[in-house]
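Let's take a walk through this one together, a stop at a time. Have the sequence and the 3D view side by side as you read.

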Amino acid sequence: MTTAKLSKTGREPLSRRIWKARSSYLLMAPYFILFFFFTVLPVLMSVGLSFTHFNMLEPPEFIGWQNYIKLLLEDDIFIISLKNTLLFAVITGPISYFLCLLFAWIINEFKPKMRAFLTLIFYAPSITGNAYIVWNLILTGDRYGYLNGILLRLDIINEAVLWMKTENLILPVLIVVQLWLSLGTGFLAFLAGLQTVDKGMYEAAAIDGVKNRWQELWFVTLPAMRPQLMFGAVMQITMSFAVADISIYLAGNPSVNYAGATIITHLLDYGSTRLDMGYASAIATILFLLMVGTNKLVQRLLRRVGN
Amino acid sequence: MAQNVKLRRRFRIREKKLNRSMAGNALLFGLMIVCGIFMVLPLVMVVNNALKPIDEIFQFPPRIFVRNPTLSNFSDLFVLMNDTWVPFSRYILNTAIITLGGMLGHVIIASLAAYPLAKHEFPGKNILFYMVVLSMMFSWTVTQIPQYVIISWLGINNTYAALVLPAWSFGMGLYLMKQFMEQLPDSLIESARIAGASEWRIFWSIIMPNVKPAWLTLAIFQFQQMWGNTGSLFLRNEELKPLQFSLLQITAGGVARAGVAAAVTFIIAAVPITFFLICQSSIMETMTTSGMKE
């Protein structure tokens, strides 16, 4: 009782307030010690190491901006992977966000049993983990592949397409697979958020002259679930920048002419294959800034929904 | 109230059919069916392939649905499991230790930290929570190199702890737990304090029993994370590697193992889906409080 009340007054010196709240700090200690070691420290180290030459064997050697200069001016593959990552993010980010919202919105119209079933169908791909390997069967490059088989039978194509070995097809196909995987936590948050919207607000809005479901969505539903919209945005943005596993598994690393390379596949190439940790840290730092920057920007935009 | 009913009758507003047009319904449900098929088809294939005899897997033209379902792929998988260099039960044990350890530890220490963040006032509260929110804005892949260095320093490389300890401090679990705890009434805690209960006691006997949906949610999300982890970055010893590693190893076996690979894919997908199914209602309840305040 004392901790909560006295600190609100804010009159006591800081040291007293910290001492009074010692039980709070004690409860938080285990989590935040680990959080420091495995999240805060790695971010700081990543930034620090990005200015060094470091191969895990010898101590890091400070080399200034050299890694960044090499990355941006000399490393053609980094530019390709940066371009691919941005394409992934710009396409799968907004589309998956919009689809999460759309499907949550439609599913919400159903009765509870049906709602639970549809939720499972749309959410399942994102939790099956490595089961995306089934796409390997669909995309097999000979006529035994499902997609080729169907397209051949329908006479849409004349010969089997090498989906994952054709430079121009790799990125679009990976984007489709990524969309399949992307109705995740954000989707659940939207579904839950829709159910918290007060039903009375819709009746009131109908009397106020809201004519159809689209107006209802924009004027009533979206503003009411803005907190969930912001949470979902964080989930979808972070996911859309982090594409790597599906690219490595389906297209290989390196993929044909690096058509499927993303910043993370490039990072893994330097970090775990070539053991050039300083350079890999520079790549990681750029990706970190991209992710956090985009998230901050979108949060700012979302505050305006319905205003 | 009576006025309301009259109004409703007059304008033909019924609660369920508020502002709904037939054309809109048709458009949306049509779109839903098309996308639903796209979402579910690969999973249908996973199930059917697992049940196909080997000649059907290599049939041309390929068929999605199985004609003569058999469990031979699964029995082949068991035969193969008995042949591996490390006994297969060992992989299952590893996965059990890693996922259970990761889930339990995370639920406990994230809840312990979430309680003060949700219900106490103290210096530094906002900045601590802000750091956790910030950590959800980038994926862990960004930090994996320094994480590797730190894990080597701590001397836990090539142990279960290398996978379990970082998982305990995932940001989203703490975030969801804190948001969920915030909606508990303060009066609940106040009356326990007046009765002389310690914070530790309040946490275990009042807070935890009241946030059951949230700890189930944290456990499931954590399970999904841990289940897909092959551990290949931190675990070198074959005897420490999780099930997922050896399963993916089997699927890389090429044409000769296509049938077994189909059975493996089924197991990889079925386990997390089953867990989600069991806990679905708790998860949805937790997600209602997931929103971010400005």
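Before the first stop, one cut-off: a residue is buried if 20 or more other C-beta atoms lie within 10 Å of its own, exposed if 12 or fewer, and partly exposed in between. Keep in mind, too, that what you are looking at is a predicted model.

Now try that cut-off on Asn148(A), which sits in helix H8 of chain A, residues 146-153. Asn148(A) has 23 C-beta neighbours inside 10 Å, so it counts as buried. Who is around it? Setting aside anything within four places in sequence, Asn148(A) is in contact with Asp142(A), Arg143(A), Ala160(A) and Val161(A). For a sense of distance, look across to Gln236(A): it lies 88 residues from Asn148(A) along the chain, and their C-alpha atoms are separated by 31 Å.

Next, find Val197(A), in the loop between helix H10 (185-196) and helix H11 (199-207) of chain A. This residue counts as partly exposed because it has 17 C-beta neighbours inside 10 Å. Again leaving aside neighbours within four places in sequence, Val197(A) is in contact with Thr221(A), Ala224(A) and Met225(A). Val197(A) and Ile95(A) are 102 residues apart in sequence, and C-alpha to C-alpha the gap in space is 24 Å.

Two other loop residues of chain A are worth a stop for their backbone angles. Most residues other than glycine have a negative phi. Asn257(A) has a positive one, near 50°, and is not a glycine. You'll find Asn257(A) in the loop between helix H14 (245-251) and helix H15 (263-273) of chain A. It has 12 other C-beta atoms within 10 Å, so it is exposed. Leu275(A) also isn't a glycine, and its phi is positive at about 50°. The place to look for Leu275(A) is the loop between H15 and H16 of chain A. With 14 other C-beta atoms within 10 Å, Leu275(A) is partly exposed.

How does helix H3 of chain A meet H16(A)? The axes of H3(A), residues 22-49, and H16(A), residues 277-302, come within 7 Å and cross at roughly 120°. At that angle, H3(A) is oblique to H16(A), and the crossing is left-handed. On the H3(A) side, the contact is made by Val43(A), Ser46(A), Val47(A) and Leu49(A), while H16(A) brings Met277(A), Gly278(A), Ser281(A), Ala284(A), Thr285(A) and Phe288(A). Sort those residues by class and you get six nonpolar, four polar and no charged.

Helix H4 of chain A, residues 66-74, also packs against H16(A), with axes that come within 9 Å and cross at roughly 65°. That makes H4(A) roughly perpendicular to H16(A), and this crossing is right-handed. Here H4(A) uses Asn67(A), Tyr68(A) and Leu71(A), and H16(A) uses Gly278(A), Tyr279(A), Ala282(A) and Ile283(A). By class, the contact of H4(A) with H16(A) has five nonpolar, two polar and no charged residues.

Stay with Ile283(A) for a moment. Not counting residues up to four places away in sequence, Ile283(A) touches Leu71(A), Phe78(A), Ile263(A), His266(A), Leu267(A) and Tyr270(A). Which members of the largest nonpolar core touch the most others? That core has 155 residues, and the answer is Phe187(A), Ile283(A), Ala113(B) and Met177(B). The helix that gives the most to this core is H14 of chain B (residues 258-287), with twelve residues.

That brings us to where the chains meet. The contact takes 87 residues from chain A and 78 from chain B. On the chain B side, those residues divide into 50 nonpolar, 21 polar and seven charged.

One last stop, within chain B. Helix H5 (residues 88-119) and helix H8 (residues 161-168) of chain B pack at an angle of about 25°, their axes 8 Å apart. H5(B) is therefore roughly parallel to H8(B), and it passes H8(B) in a right-handed crossing. The contact is made by Ile98(B), Gly101(B), Gly102(B), Gly105(B), His106(B) and Ile109(B) of H5(B), together with Leu163(B), Val164(B), Ala167(B) and Trp168(B) of H8(B). By class, that contact has six nonpolar, four polar and no charged residues.

Definitions and conventions. Residues numbered from 1 in each chain as written. Chains lettered and ligands numbered in written order. Predicted model: local features only at pLDDT ≥ 70, side-chain atom pairs only at ≥ 80, totals over all residues. Axes fitted to C-alpha atoms, helices over the stretch in contact; angles between N-to-C directions. Helix = DSSP H or I, 4+ residues; strand = E, 2+ residues; numbered from the N terminus. Parallel < 35°, antiparallel > 145°, perpendicular 65-115°, else oblique. Left-handed = near helix turned anticlockwise from the far one by under 90°. Contact = placed C-beta atoms within 7 Å. Nonpolar A, V, L, I, M, F, W, Y, C, P; charged D, E, K, R; others polar. Core = buried A, V, L, I, M, F, W, Y, C linked by C-beta atoms within 7 Å.
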